[in-house]
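Student: I have the model open. Show me how to read it, feature by feature.

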Amino acid sequence: MNRRRTTLTLLLTLLAVLPGITAAHATSYSQIEGSGSTWSKNIVDQWIADVTANGMAVVYSGTGSSQGRKDFANGTTDFGISEIPYQGTDEFGNADTSNGRDYAYLPIVAGGTAFTYQLKVGTTMVRNLRLSGETLAKIFTNQITDWSDPAITKDNNGRAFPALPITPVVRSDGSGTTAQFTTWLDNQYPSIWRPYFGRSGLTSYYPRKGRAIGQAGSDQVMNTIASKVGNGTIAYIEYSYPINKIAEDGKPYPVVKVLNRGGFFVEPTQYNVAVALTRAKINHDRSSQLYLTQILDGVYSFDDPRAYPLSSYSYMIIPTGADDTRMTTSKRQTLADFMFYSLCTGQTKAGDYGYSPLPLNLVQAGFEQLAKLHAADKNVVVTNRDVTRCNNPTFVAGDLSRNHLAEIAPMPADCDKVGAGPCGTDTGHNQPSTNDNTDDQGDNDGDPNDNTPGNDQDGPSGPNSTGPGEDPGGPGTTDPGSSTSIDPETGLPIGTDNTSTSSGSAIYANPTELVAEREADRRTFGVLAVGELLALVLLPGLFVGWSRRRRTGRAVR
Amino acid sequence: MLRRISLAGAVVALAGSALLAGVPTADTGSAATLGNSGGDSGSAWTKTRSIGRVFTNADGSTYAFPERSVTVRVAQTHDLRGRQRIHISWSGAQPSGARASNPYGENGLLQEYPVVIMQCRGVDDPSLPAAKRLAPQTCWSSSVAERSQVQSSPSNAVWEHDVYAADADKGRLGGLDPFPGADVCPTADTTGYDTRLTPFRAANGKVYPACDAAHMPPEAAVGAAYPPSELAAFTDLDGNGSVQFEVRSSTENESLGCSHTVACSIVVIPIMGVSCDRPAAPPTIADNACRQSGNFPAGSSNFAGDGVDLAVSPALWWTESNWRNRFSVPITFGLPPDTCDILDPRAPTGFYGSELLAQAALQWAPAYCLRSDRFKFQANQMPDGSAYRLMEQGEAPAAEVSSLQPASGSDPVGYAPTAVTGFAVAYDIDRPDNAGEYGALRLNARLLAKLLTQSYLGSDLGRDHPGIGGNPLSINTDPEFRRLNPGLSTTAQEAAATVLSLSQSSDVLTTVTDYIAHDPAAMAFVSGKPDPWGMVVNPAYRNLDLPVAEWPLLDTFIPTTQNTCRQDNPTVYFSAIAAPVTTLRKVSEALLDAWPNVQTRCDVDLGTGAYKLGRIDRQSYGSRFMLGIVSLGDAARYGLRTAALQTKPGTYVGPGGSSLAAAVGLAHQAKRFEPFVIDQAAVRANGRAYPGTMVVYTAARLQHLDKDDAAKVAQFIRVSTTEGQRPGSGNGQLPAGYLPITDSGVTRKLFDSAQLVAAAVARQYVPPTSSPSGSPSPTPTDTSSTDPSGGPSGPPTGPTSGPSDLTDPGAGTPSTAPSPTTSPTDVASASAADVTPTSAVTSRVARLLLPVLLAIGIGCGLVAGLGGALTRSRQ
């Protein structure tokens, strides 16, 4: 790595002293245009706004990854953004190539494909749902069709949800999000996915069947989840969408904590994504057209307790041909500097928007891909772009291949473990779930260190992880042997030293099976109650009146 | 009291209008006129000239069509910016026919007698050297078909019979000398076919033959993400027409290359038809083709894209016959602003929040990065509430919000007024029969409520919706709307059943719905009372509590239909029509493209063969009807038309300098450091104030903010409320769409409040009384940042023990502050109350039931008593 860097520096220095090229002042920008992924659009839009201050004009339309690849191939755009590379031939036998246009991939941001949902117990939204990959696979292939399914109950450590049909919401347009999700399905649960799909492999067009609803674009998927009829729906979507969508109770939309191979249910925070992607196998063969693309098998199966399994990178496709008819020096310069900003400083805000910053080695590799713009046109300036000045939160001084975020990623709370919990904390807040901010209700494995901050590197803290036979008690049914003090009045553990405890608002699905709230029930019982009350108030008076009239009538007679 | 306020409002309104020199009071709100700073009237351009068409007869005599005296007006020609949209209008032109559904680029070619408008490099001045003169070769088009006729049948080669054409241009092949060989343009020279090229000469001198897509400049593309700006515009039956034309600088289009050093022109060519030379005897097919005068009647549409007469189409704009009829409008671009250096090593400081600030922030940012004594400012867009939480949690130094946010942190927060702007209801509406765009939309709160509550049916699919089957299909068929906006099309369409709005939480939505909430007629409608024409609210939204920060999608109706596609994709129909989006910017873009976000299209996906839902097509020019909620900044930037909203019954106020100032005049601040509140009831009473007026505040913590961050926030408040309020399009200036905040006049109170907050932010003063932890050492920042529940609520004191605990020696050590045995109980029990499932269930009906019933009971008793008395007295 170091040698490569030295070579690069040398090369760049050489280029810098070429006559007529000065870094800042020679740069002139021309507008560049691109289309593609909605998965990464939220952060790309912000980067575009940021570089306006640098005089760069970038037009981007979120048409879906498939369309983005097509537009690039047809030469109507200057760049494309896609979660998956050109497939050669797509799942319908149509060409999915660049149509002869020279290109290179570079990763632009990492993130987690989240599962957001709307599920109510009574009138209150569930915010701490946990599901295993297998359950998710079965839900999206219509094998598990009801929220009261025993598999879901088991994932949630015995807490049953109401009997309510599950409505999966999928993308109807050609989507990289769908491609990411189905890649994972095909890799991890082929026996579930392939019979449903009718073949093997990934698809960008989800094969919607049965109750599932197809919607075009991530915005519409989120709208469907959040609508009045959304109760019972679940969708796959980039994490940034639910965390910025506020539900009627004023909190963000929740996301499923997905079970990883480390035995913990985790949310796609920037930390958990960063941890998972340390196992992404990046194609490092520079001669390959697939250089820098991802193979995620190791991510899916990573057994770190913090890893979010459906983590991945999003890619930009840049034109590298020297004779590319759409490109000019100033367009290439704009593309190079737009990406320089995005890969460098732009990564610092990835976490705030629900993404995860790229590790430095990928930033570095991205820079090398950008250098191909210089190779295509010597007037493009790519000097003085130093990765170490990016303020990148993943940076570990001295070792570009390490990811600081992954190293400081906190351990999940004990109550997020299989067979424990579930934790009461809400999801969708873009905050990691740790022992700091959960209160471990129902999880009492006798570990006296329950309330110390997490981050103990030895993984699951308790040696005797709780078995499935543990009493799935709700608040107040805590094991008396626990060292945690319980307030006798509220039944809540006390002394949790944190500020953002959302313990009070956690919803624990009632182990007693309920039917979901039904409008008709409310109305019927409401009418009944009104009738009864009316009777209660009116009948005595009426009776008195009636009897008096009878009396007076009798008296008159 | 009320009268005095409204008087004050009137005074400030006058003051406000005085501030915006040269901008007419926009009470009709025809376009976003607010602070159109660039629009100095001196650079408007007008010219009138006569243009005609002649046929040479077989005997050599000529027949001239009556000449037309055409006047072209251009609103602004100097000091333009890239992507600025300029209003161009004309009168006296030949009425057009065969209107295309989209007049831009190659889509506009199949029309008759349109007005071609394009941008060309150079100016029309014979005294200039050829390189600086404009010519068809320097005029921009985004497709080959707009400039070249390749492989045309000789019988259709009208241009070869152009009486004004040089003989050299009348050959089988022409336009470029030497004509490109088959190695360059394989299709250009084909035996039996004629080809005429109009090459493009780029700013760098390179000539593109324009014989096929591969030989066009790099910026040219069909179906690109960035749509073409050149168009063939439609003239109505009276000879009038107008467009907003987007000019492009060398940043957007390098090959065209217009900049402050390279002069350019807008060329307007009213197509009159090719003038024809002497016909052969007998006349050839081509001779006759040249003399054609249109397949379509004037005023007609051609949405099917049927063939038109080439001689009167825009495709031959470059023929000498048409080219000589041009109006060349010289334009100049302003100096490009200095920009931040991409290599600037300083880390940017991001403020998070309101999109209303977006256009201002774009101009402000370079004024920070370019100075070493300032920090590197970035505006990160986010819902107001989320941004405020980030600020409270210390993850962002400041948030940009438009209203008082619920506090979840313990530190006091100051709100510094930073910009006065707001929202608008923008629209694309065409008058029927191709009579041009509608420019005077008026709306009231009830109409907005009808749109938002999804009470229009959209199409016949909505007719089975329970409870509202008799409602109009869309707003343009609603008698209330038609009374306010007479003369519009009454053809119902789904896009006219909704107003495109935000899906995420925003103070903009709060203001929109607060406006509705203060209108008695609108609220009566929402509560279920039919409007005078019998339209009723969608029951799903009946009695919805307003205002709301996020508009919920409450409808549940899924139509039953025979359509197999919809049977396969059952969705809530009205939600698919509403289809809100995440940013106001997306709404503006949808309006710019006249592309509603209605998601009801249901068809077979060509790839999968399966049925799928998606977005409907772009609307056709001439029959557009689309509404959307946008920011005033975007409306001004993109030249969107904005509606006037009703205030007092019968009074309609659009966004403008005076109407925003009038609203600011009504603003009140309840407490120091808090936001001002513009009471919609006062706006309504005032009559002259614009209801969509909003103030954007920079909100930051007044205690425990990092010292560097505090200095940055204070600097930002001070700079943005002084130099940031000078109107203009330069770095650091205030763009159109914002009312300047100054230290005099109506905005003075905002200015003063901002300076006060800036001082408090800079000071970060922690009064001793507000930190009851009573730590003897004056290190409040250190302790309380780790103090989990610190702040004025006094967490270390037990719920019952009272202030005597202040002396508790343990209270000074932060780590043990909430002693496990006592302190959290009040916190825990408070939140525990929320947990109990029973307490969460509340119902207004239930709450009122007992008192009401008791009243009824008493009433009945009284009636019974009276009845008894009556019976008795009768006896």
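Student: How many bridges pair strand β16(B) with strand β17(B), and in which sense?

Tutor: Two strands pair if DSSP finds at least two bridges between them. Here β16 (residues 349-353) and β17 (residues 377-381) of chain B pair in the parallel sense over five bridges. The bridge partner of G350(B) in β17(B) is Q378(B). Helices (H or I, at least four residues) and strands (E, at least two) are DSSP runs, numbered from the N terminus.

Student: What is the basis for the numbering, and for the values?

Tutor: Residues are numbered from 1 along each chain as its sequence is written, and chains are lettered from A and ligands numbered from 1 in the order in which they are written. This is a predicted model, in which local features need pLDDT of at least 70, side-chain atom pairs count only at pLDDT 80 or more, and totals for chains, interfaces and linings use all residues.

Student: Which helix belongs to the β-α-β unit with β16(B) and β17(B)?

Tutor: Handedness comes first. A crossover is right-handed if, with the strands pointing away from the viewer, the path from the first strand over the helix to the second runs clockwise. β16(B), helix α4 (residues 358-369) of chain B and β17(B) make a right-handed unit of this kind.

Student: What does β16(B) do with strand β18(B)?

Tutor: β16(B) and β18 (residues 399-401) of chain B pair in the parallel sense, over two bridges. Y352(B) stands opposite A399(B) in β18(B).

Student: Why is β16(B) described as largely enclosed?

Tutor: Count neighbours. A residue is buried if 20 or more other C-beta atoms lie within 10 Å of its own, exposed if 12 or fewer, and partly exposed in between; C-beta atoms are placed from the backbone. Four of the five residues of β16(B) are buried, so the strand is largely enclosed by the rest of the structure. Across the 875 residues of chain B, 53% count as buried.

Student: Where is the positive-phi residue Q454(B), and is it buried or exposed?

Tutor: Q454(B) has phi near 55°, a positive value in a residue other than glycine. The loop between α6 (445-452) and α7 (479-484) of chain B holds Q454(B). It is buried, with 28 C-beta neighbours inside 10 Å.

Student: What about N157(A)?

Tutor: N157(A) is not a glycine, yet its phi is positive, about 55°. It sits in the loop between α5 (150-155) and β10 (167-171) of chain A. N157(A) is buried, having 21 other C-beta atoms within 10 Å.

Student: What is the strand order in the open sheet of chain A?

Tutor: The order is β9-β13-β14 (chain A), three strands with mixed pairing. β9 (130-131) and β14 (265-266) of chain A stand at the edges, each with a single partner strand, so one side of each is left without a neighbour in the sheet. Two bridges join β13 (residues 257-259) of chain A to β14(A), running antiparallel. V258(A) stands opposite V266(A) in β14(A).
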